[in-house]
Amino acid sequence: MDAPPSALSLSAPHDESVQDSPSTVPTTPQEPPGSAASDKPKFQSNSGSKGGDRRNKRKDLGGKAWRQRNETGQAAKRRKTEDGEDIPIYATQFSKEDIEADQRRPKRKVAVLLGYSGTGYHGMQMSTKERTIEGEIFPALVAAGAISKANAMDPKKSSFVRCARTDKGVHAAGNVISLKLIIEDPDLVKKVNDILSPQIRIWGIEPTNKGFSCYQFCDSRIYEYLIPTHCFIPPHPSTFLAKKLQEAAEKEGDLEAHRKRQEEVLTYWEDIDNEYIKPILSDLPEATRIKVQEALCIKDQKAGNQSETSGIGSAQEDQGGLEHDSDDRAIDAVIKSVRAAYFKAKRAYRIPPARLARVQEVLDLYVGTRNFHNYTIQKTFRDPSAKRVIKSFKISKDPIIIGGTEWLSLKVHGQSFMMHQIRKMVAMAALIVRCGSDPQLIAQSYGPPKIPIPKAPGLGLLLERPIFDTYNKKATKDLGKNPIDFSKYEKEIDEFKNREIYERIFREEEETNAFGNFFNHIDTFREDAFLYVTSSGVPAAPEGAAPSTAEAGKNKDALAEVESESEDEVVNGGEEGG
């Protein structure tokens, strides 16, 4: 398990290597906050491991020769940049004359408190080519005079460190960067905000002690995830997953318990068909009705006919899945009407209190020190860094209705998180509730078998704020510094969240139906990758029964099929990002 960040000495002398390790240059993986040496992942030394290759080369060359070679490479890189070649998009280039004429002013180590909407950005972490949050902030600080012209090309010269990295499209109401700034201008925050896009705001700048690192001294983090309540509706009875759930419950003698776990939604789809669908189909000619049912996989109660679905109420299917043999535009119009009716029914869903209690019951099973190797990528059961501490996971407030759709706010407080961990936790919880699975499937997921847990859409995730309790006590008691406290900016943050984050999330879901498409793809995926949610449990998943390279490949393909984003890109050693 990771040692808590509070174990770090706050008065330790400044160490550039500590500052640089989680820097903005996207080449050096960061360790989990406060991780002990014994907790570091074991790197394989085979030819397929880049980490192993680097360590072997270092041994072959010897420590001194390796450092010299590395320094030579870095110097060549700097020369290319200074000569105007290969300039990162975040860098501001000044002439030698401008740099020499720039007055030297004192710099102080500070914590910059900020928030941002991640829409349109390639994540938080600075990139030489992609548009990122840090890539906007760094040049804005240069333009505002907070970073000298001599340091305007290289964030490392300012000891630039982020507290928490967020993935592409993920938002943050509160995050922190620490670096050395020129802060003599009392209007610095306003000047920087005037330069930045309205999607990025600086809340405040707090001077800290010289050895402060927002990454190292962060005790824990709170994330929020917004999800429509219709994600907890069971799969449509005509889907592949719904049929397998029924078959497994009968096979395992779990039918009664399974029905009990679904009792508040047992008649949901029957009621929807009666209220929304039958009025559309009732007046159609028999031949037309059958064709429409085949396209939408609506069960014909009279004929007992049921076929497989390519999607119920999916906006994505509306655009590209309506092609069939008939050229009859009338049939197309009916199909669109039925899909629209299903979509309308989902949006009208209001989660019953009993279902809400089931969601909380599942979320509670994440709390504690757990092995989350199944909730990230490229970590094994035996990897010590897969163990993480979850302090709480709560439905934070009553459901809210936005634009006719009901939403839940889930808040998770953890010491640290791995790549995709929160989104996979949310997806697993939703799958268990909507499929009527035994909640103890969560406990099974902490065991050695590898199972493919899809990651829920990044659309709903935002970093609420990082916590610095240990540093704050030391800062106020011994250092004479202000605490890192987001509550001072609560009004501005709430207004920003509503305007730039929540509204974007709700609007994007309205336009893309991201959540509906995500669960629809899982429901209709016609292989056994996700059958661990049935009454057969983990053994029903291919790798859960017999791990193999072939099955691992199948599971990866299955995840690629149902997710809108690739699993392949590993940033920052798989740390953070939610």
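Mentor: Y225, W407, Y502, F506 and F515 form one aromatic cluster. Rings of Phe, Tyr and Trp (its six-membered ring) pair if their centres lie within 6.5 Å; planes under 30 degrees apart count as stacked, over 60 as edge-to-face and the rest as tilted. This is a predicted model, where local features need pLDDT of at least 70, side-chain atom pairs count only at pLDDT 80 or more, and totals for chains, interfaces and linings use all residues. Residues are numbered from 1 along each chain as its sequence is written, and side-chain values use heavy atoms, with hydrogens and water left out.

Trainee: How many aromatic pairs does the rule give?

Mentor: The count comes to 22 aromatic pairs. In one of them, the ring centres of Y268 and Y349 are 5.6 Å apart with the planes at 90 degrees, so this pair is edge-to-face.

Trainee: And where do Y268 and Y349 sit in the chain?

Mentor: Y268 is in helix α9 (residues 268-281) and Y349 in the loop between α12 (329-347) and α13 (353-364), 81 residues apart. Helices (H or I, at least four residues) and strands (E, at least two) are DSSP runs, numbered from the N terminus.

Trainee: Are Y268 and Y349 buried or exposed?

Mentor: Both Y268 and Y349 are buried, meaning under 20% relative accessible area, against over 50% for exposed and partly exposed in between (1.4 Å probe, protein chains only).

Trainee: Switching topic, why is strand β4 largely enclosed?

Mentor: In β4 (residues 200-207), 7 of the 8 residues are buried, so the rest of the structure largely encloses this strand.
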